[in-house]
Each structure stands twice: as C-alpha cells, then as structure tokens.
Amino acid sequence: MLALTELGQRLRQERESKGLSLEDLQKLTKIQKRYLLGIEEGNYEVMPGKFYVRAFIKQYCEAIGLDTDAIFEEYKSDIPSTQTEDMPQQLSRVRSRKEIPQHTKGVSKAYDYLPTVLVVAGVVVVGIIIWVIAQNIVSDKNKEQANQEAPNSEVQQSNTQEETNETTAKNDNSKSEDEQSAADKKEQEKEKAAKEKAEKEKAEKEKAEKEKKDSGKQEYKEVQKTGRSATYALSGTDAFNLEVTSTQADTWLDVKNGKGNAFFSSILKKGETKEFDLTKETEARVNIGYSPGVELKVNGKAVDLPFDASKQVRQVVTIQYQPAEAQ
C-alpha cells in the first residue's frame with residue numbers, strides 16, 4: 001500500500017470527520033471509488049490523465065467542503081501540473097482521438113452517454129412522482145367514499161344489533177317467566193304436600209292418642225249369643241271406630257246402624273280394610289258372610305269374633321254403644 005501524501009492525508013481526515021465513506025463520496029461526486037482512493041494515496045497513475053487528476057481533486061474538495069483554490073495553492077507540490085493552468089470549471093467531455101489515451105476510450109464513451117442517461121432518468125422519476133400522486137388521489141377518494149358509506153353501515157348494523165338484543169331480551173324474559181312460573185308451581189305443590197302430610201300425621205297422632213286414652217277405660221263385653229248372632233256392649237269411651245279387614249278371601253260385608261241405615265253393603269276383597277266412624281251411633285250391626293280370616297278392631301283394639309269361624313262361617317255381630325260422657 002502506498003504512503004499517503006500530505007494532500008491525501010488532509011482529504012481523508014476531512015472526509016472521515018464528516019462521517020463519509022469512500023462509497024458515500026462516490027455517490028456524491030460520481031467519481032469511481034478507485035480514483036478517490038488513488039487521490040488519497042497519491043497514486044495518480046490510476047487516473048486517466050493529469051487533467052482528470054486536477055478535476056477529480058477539485059470535485060473531491062467541493063464534496064467535503066474545502067476551498068479548492070486554497071488546497072491547490074497549499075499542496076501544489078503534490079498535484080501534477082498541466083501544460084495550461086487555465087482549467088475550465090468542468091472538464092471538457094470532447095477531446096481529439098489523439099489526446100485520449102487508448103485505455104480511457106471506454107470511460108470517455110460512457111461520459112458521452114451520461115446526459116442522455118440523466119434525461120431518461122429524470123423522465124422516469126417524474127413519471128413515478130406523477131403515478132404516486134395519482135394513486136394518492138384515488139386512495140383519498142376511496143377513503144372519502146368509504147367514510148360516507150361507513151355511517152350508514154354502522155347505523156344499519158347498530159339497528160340490527162339493537163333488534164337482536166331486544167329479541168334476545170324478550171326471549172330471556174319469557175324464559176325467565178316460564179321458569180319462575182314452573183318454580184312457583186313446584187314450590188306450591190311441595191308446600192301443599194307438606195301441609196297434607198302434616199295434617200295427616202297430626203290426625204293420626206290425635207287418633208292414636210285418643211285410642212290410647214280410651215283403651216285404658218274402654219270396655220267391650222258380650223251381652224248375649226244366639227245361633228249365629230251375638231251382641232256386645234261398648235262403654236267407657238267417647239269414640240266408636242270400627243275396622244273390618246279380610247285377610248284370606250273375599251267376603252260379603254254389611255254394616256248398618258240401629259235404624260237399619262247401611263254404611264257399607266258389598267264385597268270386601270281379600271287384603272282390603274274398611275273403616276267406619278260410628279261415634280254418633282248408639283248401635284251398629286255387622287253382617288259377615290265369610291268369617292274365616294276376618295279381623296275386627298274397635299277403636300284400634302282387636303276384638304274376637306263371637307264364634308269359631310271354622311264352625312260358623314256366617315256371623316252377625318251387634319255392638320251397642322254408650323259414650324262415656326253419657327254414663
């Protein structure tokens with residue numbers, strides 16, 4: 001690598017202080033990088049000629065902001081002189097065939113086409129600028145049209161959304177009302193069942209307590225027997241409840257009061273039980289058609305049939321009742 005001349009060092013330091021690379025300087029001056037490097041290294045042999053050396057140094061200085069005349073005066077020993085010092089401001093592109101070295105013919109020809117290339121490039125750039133402006137105008141018109149249509153679309157979408165929300169709300173309200181109605185009905189049925197159960201349990205409890213109370217004083221005794229009929233006297237109690245159950249087979253059952261009014265007169269099926277509240281009656285007549293397997297209860301207490309069922313199938317039981325309070 002060649003040692004830098006004082007001019008080359010000055011130019012390189014100034015270029016680097018500006019933060020410019022050789023590539024950047026090449027773009028500014030349109031001078032090939034190898035020529036710029038040759039100027040910095042003082043290697044003028046790479047130049048196409050002395051005229052180019054001075055012209056390139058001049059362009060180099062102008063690009064980095066140095067006074068060209070001052071540089072030429074200060075470093076005239078580093079810059080090759082030409083036959084004439086009256087150099088034009090710009091290097092002439094027209095030279096005779098004899099003046100142009102053979103190895104620079106290609107460079108000279110390129111410079112001949114440079115104006116045409118620049119004109120074509122300028123036309124292309126102008127065309128691109130016009131196209132970009134046209135595209136921006138079309139884009140602005142499309143945006144304006146979209147902005148005009150957007151409110152209508154938004155209003156329509158808003159109305160549709162409101163209608164959807166209203167329909168959904170109605171459906172939800174209807175569903176909520178139906179669910180509430182079903183829940184209320186279910187709750188009412190539950191309360192009704194609980195009330196009926198409580199009333200039933202209360203009635204059974206009262207009945208059991210009354211029967212228990214009456215059973216302590218209750219007296220059921222035989223008065224007389226004749227043939228298939230028997231009479232019993234019930235006393236010491238304020239209730240007269242009769243239960244008849246058939247456990248083995250169907251049987252005819254006829255229950256009447258002392259006046260002959262019937263409370264039941266029909267078949268009592270196997271496993272069936274009939275209950276009669278005869279508290280207001282003074283006498284009850286029970287006619288059993290098939291006594292085997294028939295059970296009698298008076299105020300919840302089992303009483304025996306008057307006759308052996310295996311010997312006397314049909315039996316008639318008359319019960320005379322006298323309330324305790326009347327005794």
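Lys30 sits in the loop between α2 (22–29) and α3 (33–41). Helices (H or I, at least four residues) and strands (E, at least two) are DSSP runs, numbered from the N terminus. The model is predicted, so local features need pLDDT of at least 70 and side-chain atom pairs count only at pLDDT 80 or more, while totals for chains, interfaces and linings use all residues. Residues are numbered from 1 along each chain as its sequence is written, and side-chain values use heavy atoms, with hydrogens and water left out.

## Loop residues and burial

Lys30 has a positive phi of about 65 degrees, although it is not a glycine. Asn299 is also not a glycine and has a positive phi of about 55 degrees; its place is the loop between β8 and β9 (301–303). Buried means under 20% relative accessible area, exposed means over 50%, and partly exposed lies in between (1.4 Å probe, protein chains only).

Glu325 belongs to the segment after β10. In sequence Glu325 and Gly236 are 89 residues apart, and in space they are 8.4 Å apart, C-alpha to C-alpha.

## Asp78

Asp78 lies in the loop between α5 (68–74) and α6 (105–217). Contact means heavy atoms within 4.5 Å. Apart from neighbours within four places in sequence, Asp78 is in contact with Thr5, Glu6, Leu7 and Tyr44. With Leu7 there is a polar pairing: a polar atom of the Asp78 side chain lies 3.3 Å from the backbone nitrogen of Leu7. A polar contact is a pair of N or O atoms within 3.5 Å; within protein, one must be able to donate a hydrogen and the other to accept it, and residues adjacent in sequence count only if both atoms are side-chain atoms. Asp78 and Gly42 are 7.7 Å apart, C-alpha to C-alpha, and 36 residues apart in sequence.

The 15 residues of α4 should span 21 Å at 1.5 Å a residue, and its end C-alpha atoms are 22 Å apart, which agrees. The expected span of a helix is 1.5 Å times one less than its number of residues. The buried residues of α4 include Tyr52, Val53, Phe56, Tyr60 and Ile64. Gly65 follows α4 and has a positive phi, near 85 degrees.

The whole structure holds 5 aromatic pairs. Rings of Phe, Tyr and Trp (its six-membered ring) pair if their centres lie within 6.5 Å; planes under 30 degrees apart count as stacked, over 60 as edge-to-face and the rest as tilted. Tyr52 and Phe56 are 4 residues apart in helix α4 (residues 50–64), so about one helical turn separates them. An α-helix has 3.6 residues a turn, so residues three or four places apart point the same way. Ring pairs also bring in Tyr35, which forms a cluster with Tyr52 and Phe56.

Elsewhere, Lys225 lies over the face of Phe307, 5.4 Å from the ring centre. A charge sits over a ring if NZ of Lys or CZ of Arg is within 6 Å of the ring centre and within 35 degrees of the ring normal.

The largest nonpolar core has 24 residues, and Phe240, Val244 and Leu253 have the most contacts inside it. The elements that give two or more residues to this core are β2 (229–235), β3 (241–246), β4 (251–257), β5 (262–268), β7, β8 (294–298) and β10 (315–321). A second, separate core of 22 residues includes Leu22, Tyr44, Tyr60 and Ile79. A nonpolar core is a set of buried Ala, Val, Leu, Ile, Met, Phe, Trp, Tyr and Cys residues joined through side-chain atoms within 4.5 Å.

Leu253 is in contact with Val244, Phe264 and Asn287, among others, leaving aside neighbours within four places in sequence. Asn287 is found in strand β7 (residues 283–288). Not counting residues up to four places away in sequence, Asn287 touches Trp252, Leu253, Asp254, Arg314, Gln315 and Val316.

Thr251 belongs to strand β4. A polar atom of its side chain lies 2.7 Å from the backbone nitrogen of Tyr290. Beyond four places in sequence, the residues that Thr251 touches include Ser246, Ser266, Ile288, Tyr290 and Val294.
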